[in-house]
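Reader: I am new to this structure. Could you take me through it in questions and answers?

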Amino acid sequence: MTDDYTPPLSTELLTDLGSFALDTTRHERDGGSTDRNPADDITAIRQQAERHNLEFLGKGSNRLAFRLPDGNVLKLPMHSPFRDGTEQNRVENLVWEGLTDIYTPTPEDAYDPHSPIDRFAPVLACDDQHRWIIVSHAEKVGEDIEAEDKVVAISREFPYLPADCEFLRAENIGWLNGWYRIVDYGSFIPREFVRRELPAGYRDKIGDENIA
Ligand SMILES: Nc1ncnc2c1ncn2[C@@H]1O[C@H](COP(=O)(O)OP(=O)(O)O)[C@@H](O)[C@H]1O
Ligand SMILES: [Mg+2]
């Protein structure tokens with residue numbers, strides 16, 4: 001979390017875009033069916049996003065991502081029969097807090113190739129109940145041969161992680177301030193990473209179901 005960042009979020013924006021968030025009562029009522037999953041209606045998501053001057057960036061496994069007018073990225077949980085995106089917001093925020101307990105992020109344009117924290121897109125703010133999280137934007141890297149190099153570049157910094165783990169998949173990597181960074185670290189945090197990089201207090205809070 002960055003203390004001097006004020007989230008540019010109105011109650012109206014959160015209500016409108018929150019209508020795509022997980023609603024367990026609805027899921028129970030629908031017998032867990034995804035037939036009427038509001039997060040499948042990309043047109044409706046785009047319309048709501050535009051109404052609030054946001055760009056819809058994409059859909060992950062449990063969250064929707066939007067570009068805010070200030071350039072940062074807002075992630076909201078979405079309907080999913082499998083996992084609740086609030087859990088990914090909680091974990092991403094915990095990992096960032098755990099890292100900032102040990103490391104200091106390097107100022108812009110002066111990344112430190114040896115600092116683990118500079119391999120992650122920073123978390124700027126997170127709701128107490130994890131209904132939203134705001135992170136710095138990182139440019140997409142393509143699903144191409146070049147992307148493979150980026151994965152290899154990051155895995156070199158974490159030699160104890162297998163290069164083919166979820167964490168280091170190209171879709172979870174972006175470019176920001178001079179280096180490739182992991183943009184999705186809310187799901188399946190590799191055990192070795194948790195063990196080596198995070199203080200015990202954070203490890204305990206992450207929860208075994210989120211550790212791969
Ligand atoms: N920091 C970021 N900068 C730019 N795009 C991002 C960022 N974080 C996520 N995205 C985009 O949004 C998509 C969904 O976010 P992600 O964190 O992967 O959600 P999930 O945890 O549900 O998989 C990603 O696949 C990526 O395309
Ligand atoms: Mg993802």
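This is a predicted model: local features need pLDDT of at least 70, side-chain atom pairs count only at pLDDT 80 or more; totals for chains, interfaces and linings use all residues.

Reader: How many bridges join strand β4 to strand β5?

Author: Strands here are DSSP runs of E with at least two residues, and helices are runs of H or I with at least four, numbered from the N terminus. Two strands pair if DSSP finds at least two bridges between them. Strands β4 (residues 123-126) and β5 (residues 133-135) run antiparallel, and the number of bridges joining them is three.

Reader: Which residue in the hairpin of β4 and β5 takes a positive phi?

Author: Six residues lie between the two strands of this hairpin. The residue with a positive phi, near 65°, is H130.

Reader: Which are the edge strands of the open sheet of three strands?

Author: The order in this sheet is β6-β7-β8, with antiparallel pairing. β7 (residues 173-176) and β8 pair over four bridges, and W175 stands opposite Y180 in β8. The edge strands each pair on one side only, and they are β6 (139-140) and β8 (179-182).

Reader: Where does the largest nonpolar core lie?

Author: A nonpolar core is a set of buried Ala, Val, Leu, Ile, Met, Phe, Trp, Tyr and Cys residues joined through C-beta atoms within 7 Å; a residue is buried if 20 or more other C-beta atoms, placed from the backbone, lie within 10 Å of its own. The largest core has 44 residues, of which F20, L64, L76 and V95 touch the most other members. α4 gives the most to this core, with five residues. Domain bounds come from an automatic or database domain assignment, and both domains give residues to the core, so it lies between domain 1 (11-79) and domain 2 (85-128 + 137-210).

Reader: Which residues around ligand 1 come nearest?

Author: A residue is near a molecule if its C-beta atom, placed from the backbone, lies within 6 Å of it. The shell draws at least three residues from each of domain 1 and domain 2. Of the 21 residues around ligand 1, those that come nearest are G60, R63, A65, V183 and D184.

How values were computed
Residues are numbered from 1 along each chain as its sequence is written. Chains are lettered from A and ligands numbered from 1 in the order in which they are written. A residue is buried if 20 or more other C-beta atoms lie within 10 Å of its own, exposed if 12 or fewer, and partly exposed in between; C-beta atoms are placed from the backbone.
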